[in-house]
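Please have the sequence and the 3D view open as you read.

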Amino acid sequence: MNRPTRHRTKIAALGAALLITAGAAGTALAAGDAVPRGKEREAAALTGTAKLYRPAGDDITFTFDAHLAAKDTMDPEKAYGTFRFEHAFPDGTSGWARGKVDCLVTGGKVAVVTGVLTDTDRPGKGRRVGISVHDQGRNDRLGYSWIGRDVEKQELPKCMSSAPFEKTRAGSGDFKVLPWQPRYEQAPAEG
């Protein structure tokens, strides 16, 4: 009878140690995400650089520095920042573009950013594009609006893109998504 009790005590002690360790890790993470005193957390953000996984040899890099200020929480079209993408093809040719952010919406670890191309070595300057990112740590995913037929004729609205269908190359970088926390006003209670 004494042996099962000792075994249960060891299991309970191990469980408590794991809970304490998990709690300490959670506290450390929460403290690392804290906003400095007197400063408001920005409403949303998408930052970072990573390369897409392309086994055929293409070298495609995306870089984001997109933000939505706390004061603009309820207006994602007031987002600001830049993005850039570069594509080096296996045959030695390449293309690149950079743009100015005009909308940023995030939900959990997924972000959709749109912006107008301000400079490019290909046709398309002045055109709006959309890019989506799923921040999964070291295995991020990315999607973009310029897929399908008649892409050149499409007029993309702000805040729109495709699902993040591409994978990033392991060890090539990382995207960080700061989740949006919209503030909805409560309707007055009916009496």
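The paragraphs below take these topics in turn.

This is a predicted model, in which local features need pLDDT of at least 70 and side-chain atom pairs count only at pLDDT 80 or more, while totals for chains, interfaces and linings use all residues. Residues are numbered from 1 along each chain as its sequence is written, and side-chain values use heavy atoms, with hydrogens and water left out.

Of its 26 residues, Leu 46, Phe 62, Phe 64 and Leu 142 touch the most other members. Strands (DSSP runs of E, at least two residues, numbered from the N terminus) that give two or more residues include S1 (44–51), S2 (59–68) and S4 (94–107). The largest share, five residues, comes from S2. Leaving aside neighbours within four places in sequence, Leu 46 has contacts (heavy atoms within 4.5 Å) that include Phe 64, Leu 104, Val 133 and Phe 175.

Next, find the one disulfide (cysteine sulfur atoms within 2.5 Å) that the structure holds. This disulfide joins Cys 103 to Cys 159, with an S to S distance of 1.7 Å. Cys 103 lies in strand S4 and Cys 159 in the loop between S7 and strand S8 (166–167), so the pair ties together parts 56 residues apart in sequence. The torsion about the S-S bond is about 80°, so the disulfide is right-handed. Cys 103 is buried, at a relative accessible area of 0%.

Methods
Core = buried A, V, L, I, M, F, W, Y, C linked by side-chain atoms within 4.5 Å. Buried < 20%, exposed > 50% of the residue type's maximum accessible area, 1.4 Å probe, protein only. Helix = DSSP H or I, 4+ residues; strand = E, 2+ residues; numbered from the N terminus.
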